[in-house]
Amino acid sequence: EVVDRQKGVKLLPGHFQYKLTTTIMLTLKNSAIGEGSLSGSLTRQETKSFPNPKDDPLTHIANFGRMLEELEGRLRNLVDVVYFGKTQEVFGYIRELRGVTEAKERQERQKQVVSEMSKPIS
């Protein structure tokens, strides 16, 4: 959306205000360690003013494109840190718990074998 300064927004002459709203919807599924999924959405809105003295459509596209690229980069980093980082942390914890559970089961089986072996033969 491009807002002209004549619509009540006070801008410098030849400047336009651009409003960008974007939403990322993310769904992650992992069946490698059982059923696991994570879903969510992230919405951001940004408003900036850029010059376009001649009200040129190509300049509007360039201004909006620059704004879009900047916001996309920030959102990618945020998704990487928040969603993927947290998912790795949770799945790592689950793997660790599974490893501990399996180790305890092995110890129990080992104790049973040793117990059976130490019984007198009748």
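What follows is a short chat about a predicted model.

Biologist: Let's start inside. Which residues make up the largest nonpolar core?

Modeller: It has twelve residues in all: Phe16, Tyr18, Leu20, Leu26, Leu28, Leu42, Phe50, Met67, Leu71, Leu75, Val79 and Tyr83.

Biologist: And which elements give two or more residues to this core?

Modeller: Strand E2 (15-30), strand E3 (36-51) and helix H1 do.

Biologist: Asn63 next. Is Asn63 buried or exposed?

Modeller: Buried, because its relative accessible area is 3%, and the cut-off for buried is under 20%. Asn63 lies in helix H1.

Biologist: What is Asn63 in contact with, leaving aside its neighbours within four places in sequence?

Modeller: Tyr18, Phe50, Pro51 and Asn52. Tyr18 and Phe50 are also members of the largest nonpolar core.

Biologist: Changing topic. How many salt bridges does the count come to?

Modeller: Four. As background, side chains of opposite charge can pair when their charged atoms come close.

Biologist: Which residues are linked in a network of salt bridges?

Modeller: Glu46, Lys48, Glu70 and Arg74.

Biologist: Take Glu46 and Arg74. How far apart are the closest N and O atoms?

Modeller: They are 2.1 Å apart in that salt bridge. Glu46 is in strand E3 and Arg74 is in helix H1, so the pair ties together parts that are 28 residues apart in sequence.

Biologist: Are those two buried or exposed?

Modeller: Glu46 is buried, at 14% relative accessible area. Arg74 is partly exposed, at 41%.

Biologist: What about Lys48 and Glu46, how far apart are the closest N and O atoms there?

Modeller: 3.9 Å. The cut-off for a salt bridge is 4 Å, so the pair counts. Lys48 is partly exposed, with 26% relative accessibility.

Biologist: Which residue does Glu72 form a salt bridge with?

Modeller: Arg76, with the closest N and O atoms 2.9 Å apart. Both residues lie in helix H1, four residues apart, which is about one turn of the helix.

Biologist: And their accessibility: buried, partly exposed or exposed?

Modeller: Glu72 counts as partly exposed at 33% relative accessibility, whereas Arg76 counts as exposed at 58%.

Biologist: Last one, the surface. Which residues form a nonpolar patch there?

Modeller: Val90, Tyr93 and Ile94, with about 270 Å² of accessible area together.

Biologist: Where is Ile94 found?

Modeller: In helix H1, which covers residues 57-118. Ile94 counts as partly exposed, because its relative accessibility is 34%.

How values were computed
Residues numbered from 1 in each chain as written. Predicted model: local features only at pLDDT ≥ 70, side-chain atom pairs only at ≥ 80, totals over all residues. Heavy atoms only, no water. Patch = residues over 30% accessible without salt bridge, like charges linked within 9 Å, V, L, I, M, F, W, Y side chains within 5 Å. Areas by Shrake-Rupley, 256 points an atom, 1.4 Å probe, with all protein chains shown as cover. Salt bridge = Lys/Arg side-chain N within 4 Å of Asp/Glu carboxyl O. Buried < 20%, exposed > 50% of the residue type's maximum accessible area, 1.4 Å probe, protein only. Contact = heavy atoms within 4.5 Å. Core = buried A, V, L, I, M, F, W, Y, C linked by side-chain atoms within 4.5 Å.
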